[in-house]
Amino acid sequence: MAFIQLEQINFRWPQGPPLLRDINLALNRQDTVALVGSNGCGKTTLGKLIMGLLSPTQGRVLLDGRPVGDYPLAQRGERVGYVFQNPEKQLFAASVADEVGFALRHRGLNSDQVEAKVEEMLALFELERRRDAFPFNLSHGEKQRLALAAVLALDPEFVLLDEPSTGLDWLRKRKLAQALEKVGQRGVGYIIISHDHGFCRQLCARTLTLEGGKLYE
Amino acid sequence: MSSAFPDARTLIIAVVILTSLAIAINNPLVLAGLLAVTLLALVAAKIPLGDFVRRFKRFRWLIITLALVQSLTNPHGQIYWQWREYILLSSGGLWAALAVLLRLAVILAGVQFLNRKNYQELVTGMVQMKVPYELAYMVLLGIRFIPVFMEEFRDALTAMALRGVDLEQIPWRDKLRVYSYILMPTVAGAMVRARRIATAMEARAFRAYPQRTWLEWPRLSRWDWALITSVMAVGFGILALNWRGII
């Protein structure tokens with residue numbers, strides 16, 4: 001049984017034409033997958049369906065064999081990390097270190113454990129020098145890396161990244177790619193939603209293309 | 001140039017009179033009549049009532065709280081429920097609660113009339129009513145920002161839950177701290193967006209010259225004048241009767 005399973009997924013917005021049609025997909029824990037397609041083809045919608053943030057018009061999404069909606073949102077987030085298209089939407093702490101440690105403190109970890117994890121993540125994503133900075137004042141690339149660090153601090157089993165390379169220059173893209181390679185080396189699978197084919201080719205073993213509402217591999 | 005009937009000014013005047021009546025009148029029976037007339041007018045104007053129902057549902061907790069407060073702070077008439085010397089439920093309290101419910105319903109329904117006009121038409125209408133352009137623009141921009149602000153708040157809640165923080169499970173003292181975290185991206189996001197809009201507007205020469213050129217400067221039709229006159233006559237008539245204590 002795949003970790004994430006999409007069965008006959010159909011989706012349309014109210015009063016809209018069908019956006020996704022008969023989508024079947026199986027994702028295993030260590031898969032590195034790219035989901036590509038042109039703007040507006042439904043990539044982000046498919047990502048939100050995987051996370052259970054949207055409900056399909058038809059079909060079902062299973063997470064570890066159970067319908068994704070059966071898990072409370074917090075539990076889903078712990079198992080599948082979700083990095084938003086706009087990282088600003090998921091940053092809410094007053095400092096970079098607090099951002100990474102925020103959710104850990106609510107897991108009952110003691111302060112030494114939280115501190116160790118925060119240091120590990122800041123080092124992994126090269127954010128040590130920015131640990132006291134206000135997250136909103138970081139560059140776009142740093143915000144992307146911080147959002148990823150904060151999500152990975154929870155040790156999710158899988159990560160979904162929505163357009164992580166948008167707005168990044170080649171240097172920052174390379175840094176993000178290096179960070180994602182490290183994620184893969186830790187045995188955590190991911191799906192990258194993007195239209196940046198070069199970036200995806202470098203990082204993913206599988207490529208899925210969404211076109212005309214259908215998914216092709 | 002004459003605009004499509006009704007003009008934005010006609011709708012603004014109608015909404016101002018309707019909301020003034022809703023605020024001034026305390027009698028639930030008159031308020032119920034006012035609500036019925038407003039809803040009929042919405043149907044006649046082909047404005048879907050579903051929007052009003054959705055808005056009413058969205059504010060239901062605020063409305064219920066206000067109604068409860070009114071009920072508790074107006075303890076007179078027949079007493080239905082009393083605990084020691086405190087009157088918890090009385091006919092006066094229920095009457096006051098009903099008045100609040102109906103008052104808010106009339107206001108929420110009345111505002112729906114403005115949905116018939118787009119944002120530019122409303123700004124033009126307000127300027128034609130001698131409201132300074134900057135003020136009219138700011139008011140409407142502010143109103144437009146409310147749903148954006150609410151969406152940012154919802155996004156922040158989702159983002160927090162996706163980090164494994166279950167707001168329903170955490171204790172109350174921690175909940176307050178968590179909510180203070182949510183305010184940060186919401187307020188910061190709104191400020192960043194406001195700054196961007198201000199820059200974009202100035203880049204397009206907003207307020208660069210004392211006079212503006214208007215693409216459309218509609219004139220009131222005879223139907224508009226008729227509607228404004230009738231709404232004002234009926235509105236002031238009801239207010240006069242209310243002040244004299246007749247209704």
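The legends below describe close-up views of a predicted model. Local features need pLDDT of at least 70 and side-chain atom pairs count only at pLDDT 80 or more, while totals for chains, interfaces and linings use all residues. Residues are numbered from 1 along each chain as its sequence is written, and chains are lettered from A in the order in which they are written.

**View 1. The side of chain B that touches chain A.** In this interface, 18 residues of chain B are in contact with 22 residues of chain A (C-beta atoms, placed from the backbone, within 7 Å). Helix 7 (133-162) and helix 8 (172-203) of chain B each supply at least two residues of this side (helices are DSSP runs of H or I, at least four residues, numbered from the N terminus). Helix 7 of chain B gives the most, with seven residues. The residues of this side of chain B comprise twelve nonpolar, three polar and three charged (Ala, Val, Leu, Ile, Met, Phe, Trp, Tyr, Cys and Pro count as nonpolar, Asp, Glu, Lys and Arg as charged, and the others, Gly among them, as polar).

**View 2. Helix 6 and helix 7 of chain B.** Helix 6 (residues 119-128) packs on helix 7 at an angle of about 145°, the axes lying 9 Å apart (axes are lines fitted to C-alpha atoms over the stretch in contact, and angles run from 0 to 180 degrees between N-to-C directions). Among the residues that meet are Leu122(B) and Met126(B) of helix 6, and Ala136(B) and Leu140(B) of helix 7. This contact has nine nonpolar residues, no polar and one charged.

**View 3. The open sheet of chain A.** Four strands take the order 2-1-4-5, with antiparallel pairing (strands are DSSP runs of E, at least two residues; two strands pair if DSSP finds at least two bridges between them). Strand 2 (18-27) and strand 5 (66-67) of chain A are the edge strands. Two bridges join strand 4 (residues 58-63) of chain A to strand 5 of chain A, and Leu63(A) stands opposite Arg66(A).

Methods
Contact = placed C-beta atoms within 7 Å.
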